[in-house]
Amino acid sequence: MTDSITITVPIPKSNPNSNFAGWAAKAAQKKQDRETAKQEAMIAVAQLEDWKSYGFPWSHATVGVHWYHKTANHKDRDNIIASLKATIDGIRLAGLLVDDDELTWCSPVRLTDKSNPRVEIVIEQQTSGV
């Protein structure tokens, strides 16, 4: 059986393509996204039945993303991954990943949920480099 964990976070506010905010505002938003992801990752670990058996941090993992948009106007898949940079950094800071360099990304799944927009990140441990 392969170990995996699902972490649910709000839609990240930091956007790598945004030209509307200055560098200080962008940095503050990235910091907030990192901290939110770190907290949500720690909550997800605490909900695991036997979290010690998962062997965190993982050095190699596959990342799947379910991005629940508020409207039918969906973000491009490559922008979804770019928007998750600070989020993945927060998950790493929570101690789930050694680094974000050895992640294999699955193509993001884009969905619509008007009442609960969110991002569900499924991280699956890989036993060796892919």
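P10 sits in the loop between β1 and α1. Helices here (H or I, at least four residues) and strands (E, at least two) are DSSP runs, numbered from the N terminus. At 47% relative accessibility, P10 is partly exposed; buried means under 20% relative accessible area, exposed over 50%, and partly exposed in between (1.4 Å probe, protein chains only). Setting aside residues up to four places away in sequence, P10 touches T36 and V119, where contact means heavy atoms within 4.5 Å.

A quick word on the model itself: it is predicted, so local features need pLDDT of at least 70 and side-chain atom pairs count only at pLDDT 80 or more, while totals for chains, interfaces and linings use all residues. Residues are numbered from 1 along each chain as its sequence is written, and side-chain values use heavy atoms, with hydrogens and water left out.

Now for a pair of helices. Helix α1 covers residues 23-46 and helix α3 residues 85-93; their axes come within 7 Å and cross at roughly 45°. Those axes are lines fitted to C-alpha atoms, for helices over the stretch in contact, and angles run from 0 to 180 degrees between N-to-C directions. Angles under 35 degrees count as roughly parallel, over 145 as roughly antiparallel, 65 to 115 as roughly perpendicular and the rest as oblique. That's why α1 and α3 are called oblique to each other. On the α1 side, K30, D33, R34, A37, K38 and A41 take part, and they meet A86, T87, D89, G90, I91 and L93 of α3. Sorted by type, the residues of this contact come out as 5 nonpolar, 2 polar and 5 charged. For that sorting, Ala, Val, Leu, Ile, Met, Phe, Trp, Tyr, Cys and Pro are nonpolar, Asp, Glu, Lys and Arg are charged, and the others, Gly among them, are polar.

K38 belongs to helix α1 and is partly exposed, with a relative accessible area of 26%.

What about α3 itself? Its buried residues are A86, T87, I88, D89, G90 and I91. They are covered by elements including β1 (4-9), α1, β3 (103-105) and β5 (118-125). After α3 comes G95, which has a positive phi near 95°.

Leaving out neighbours within four places in sequence, F56 is in contact with I5, V45, L48, W51, G95 and L96. F56 is also joined to P57 by a cis peptide bond, with omega about 0°. In general, most peptide bonds are trans. P57 lies in the loop between α1 and β2 (61-69).

H60 is in the loop between α1 and β2 too. Is H60 buried or exposed? With a relative accessible area of 19%, H60 is buried. Its side chain makes a polar contact of 3.1 Å with that of S59. A polar contact is a pair of N or O atoms within 3.5 Å; within protein, one must be able to donate a hydrogen and the other to accept it, and residues adjacent in sequence count only if both atoms are side-chain atoms.

Here are some C-alpha separations.

| Pair | Apart along the chain | C-alpha to C-alpha |
|---|---|---|
| P10 and I123 | 113 residues | 17 Å |
| K38 and N15 | 23 residues | 18 Å |
| F56 and L96 | 40 residues | 5.2 Å |
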